[in-house]
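Visitor: I'd like to learn how to read an interface and a helix pair. Could you walk me through them?

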Amino acid sequence: MRASSAKWPGIAGGLGLRIVGKILCVTALLGLSASVANAVPSYARQTGSDCVSCHVGGYGPQLTPYGMNFKLGGYTDTDGKDMKIPLSAMLVANWTRTSKDVAEADKLEYFGTNNNAAVQEVSLFLAGRMTDNIGTFIQSTYSGVEKKWALDQVDMRFARSLKLGDKDATLGLSLNNNPTLTDPFNTLAQWRFPYVSSDFNAGFGPTPLMENLGGSVAGANAYMLFDKNFYAELGLYDTLSTTGLNMINAGDAGKFKGVGTYWRLAYVKDMKRDNFNIGLVGFNAKVQPDRSDLGTANDYRDLGIDAAYQFLGNREHIFTVNASYMKEWQTLNYTYSNLAEADNLKNSLNQFRLAGSYHYNQTWGATAGIFDTRGSTDSLLYGSSLNGRPNTSGYILQGDWTPWGKEDSWGAPFANVRLGVQYTGYNRFMGGSSYIDGDGNERRATDNNTVMLFLWTSI
Amino acid sequence: MKKYSLWSAVFIVSVTLSQQSMAAGDPKKGKDVFAEECGDCHSATPGKNKKGPSLFGAIGRKAGAVPDFSGYSEAMKQSDITWSADKVDSYIAQPRKVVPGGKMKYDGLDDLAARADVIAYLSSLK
């Protein structure tokens, strides 16, 4: 789901698409981010488990420890019965109202400046066990907003359990197309709140490179969960060729110079009644934004820390807290030196996310989250900002109803639906309380406040 | 004779207390324990198998005997266990000790009272 794929009104208009294409396609344009992948009922049919076993609130993607272990086990757990078809489908429809009509230059093609209804996404999944040790999570999506199909998420895994000394270990290998897709926790880009958001939303500001590569790269990751507590992962990524990108309708993040390196360390403790995890994550890559002008690359180094807690109890009252902080160091060798389209050779970006949720009876959910991104002052790079900073912050409130997904639910495990309302409020957008929109006019951050009603269903 | 009687009495009291602690299990609390500890992998509904077999009617059942569940380990099938309350108590306390080579990825439940509660709950499923 293109949850964060909203464009930036100010950027698209202020400095023009040239800069956007050269620079922000790598670090900022959220549209490159592949969709959020979610509840997959074929897994429930495969395991005989209910959605609530793997997912908080009876609907994806927030994983419980059982769901985390299913993922790390390569999506291969089963109830022992054969002839399970590893196919699922998903649809997201929404209606979005923004506090003030967006600028003409910023509205999405095919849609109006406000009050837009859309079948935002229709996805097909090849998701399930292929052999005892191999499983898949592959999502293909038609965007009803962009009016095009794309190969969305790919995670093919080999995993096996063994003993190291007298300790249990799970070892695995993932071939995937998105650096944070492989993560088993609920704190990094692909899997954190908001789990669904409107394409008509203004977005959450610039994000680190790690979060903007979905679909445009291919990676091989090795991982291990040791003694049920210690998780480590190392992945190597390269960008796809232009031909490859065109074949799957993926966005172009430029071409890596060398390979991108992803790593992850975490400690996780499952006490059944509750659980927590804490970890570190990093991603380094050198990106050549223009494939026709190779040689000099922008250098990005991302480093993050994250933590999460879940109280599950008897599943009647579930509380969760997910938090992450990430810092990106940018050395813009190409953008600054070759293009002169940045004020500084070196910039930084700081991103903080926090979300807390409560679910009653795995049916009624309420989630509140805050987002806060801050960065270096660079008037050329952030042309829509009045003070040259990309600072964007605000909050997200969501209420939802998930009537099915339990063991005794109607239509289980085929019928799954979540209905919800989500409100996004902005304190700052691209620097402060105001910025320059696509038409060149000053626009208040609060003008981007958004209400979304959504229907999210899967079979 | 007097000493023998004393030890007999201690033994009898101990056994009685032990049985009472098992018998004192609260099925209502046990349902919550089941949800916390067992419910992801096991159902309490008849015929509903997950990663593990349905635990409806588990008390008194022969190990490895749920007919349409094919996920049993050889160790479990060969264990020749009949799931008495005591045996279930031992098993969920230390699964790998009672059935070495079993598939169940569960470290065990240390809390004696919680075990008694969940056994009481399982016993109530009829």
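This is a predicted model: local features need pLDDT of at least 70, side-chain atom pairs count only at pLDDT 80 or more; totals for chains, interfaces and linings use all residues.

Visitor: Which residues of chain A lose the most area to chain B?

Guide: Those are A:Tyr66, A:Lys272 and A:Glu407, which together make up 28% of what that side buries. Counting contacts, chain A puts in 21 residues and chain B 20 residues.

Visitor: What does the model score for ipTM and pTM?

Guide: The ipTM is 0.78 and the pTM is 0.87. For chain B the mean pLDDT is 83, with 82% of its residues at 70 or more. Over residues 10-21 of chain B, though, the pLDDT is below 50, and that stretch has two contacts in the model beyond near neighbours in sequence.

Visitor: And the helix pair: at what angle do H4(B) and H6(B) cross?

Guide: Two packed helices are described by the angle between their axes and the distance between the axes. In chain B, the axes of H4 (residues 85-93) and H6 (residues 112-124) come within 10 Å and cross at roughly 130°. H4(B) and H6(B) are therefore oblique to each other, and their crossing is right-handed.

Visitor: Which residues make that contact?

Guide: From H4(B) you have B:Ala85, B:Val88, B:Asp89, B:Ile92 and B:Ala93, and they meet B:Leu112, B:Arg115, B:Val118 and B:Ile119 of H6(B). Sorted by class, that's seven nonpolar residues, two charged and no polar ones.

Note on methods. Residues are numbered from 1 along each chain as its sequence is written. Chains are lettered from A and ligands numbered from 1 in the order in which they are written. Side-chain values use heavy atoms; hydrogens and water are left out. Axes are lines fitted to C-alpha atoms, for helices over the stretch in contact, and angles run from 0 to 180 degrees between N-to-C directions. Helices (H or I, at least four residues) and strands (E, at least two) are DSSP runs, numbered from the N terminus. Angles under 35 degrees count as roughly parallel, over 145 as roughly antiparallel, 65 to 115 as roughly perpendicular and the rest as oblique. A crossing is left-handed if the near helix is turned anticlockwise from the far one by less than a right angle, and right-handed if clockwise. Contact means heavy atoms within 4.5 Å. Ala, Val, Leu, Ile, Met, Phe, Trp, Tyr, Cys and Pro count as nonpolar, Asp, Glu, Lys and Arg as charged, and the others, Gly among them, as polar. pLDDT is the predictor's confidence in each residue, from 0 to 100. Buried area is the accessible area (1.4 Å probe) that two parts lose on being put together, summed over both.
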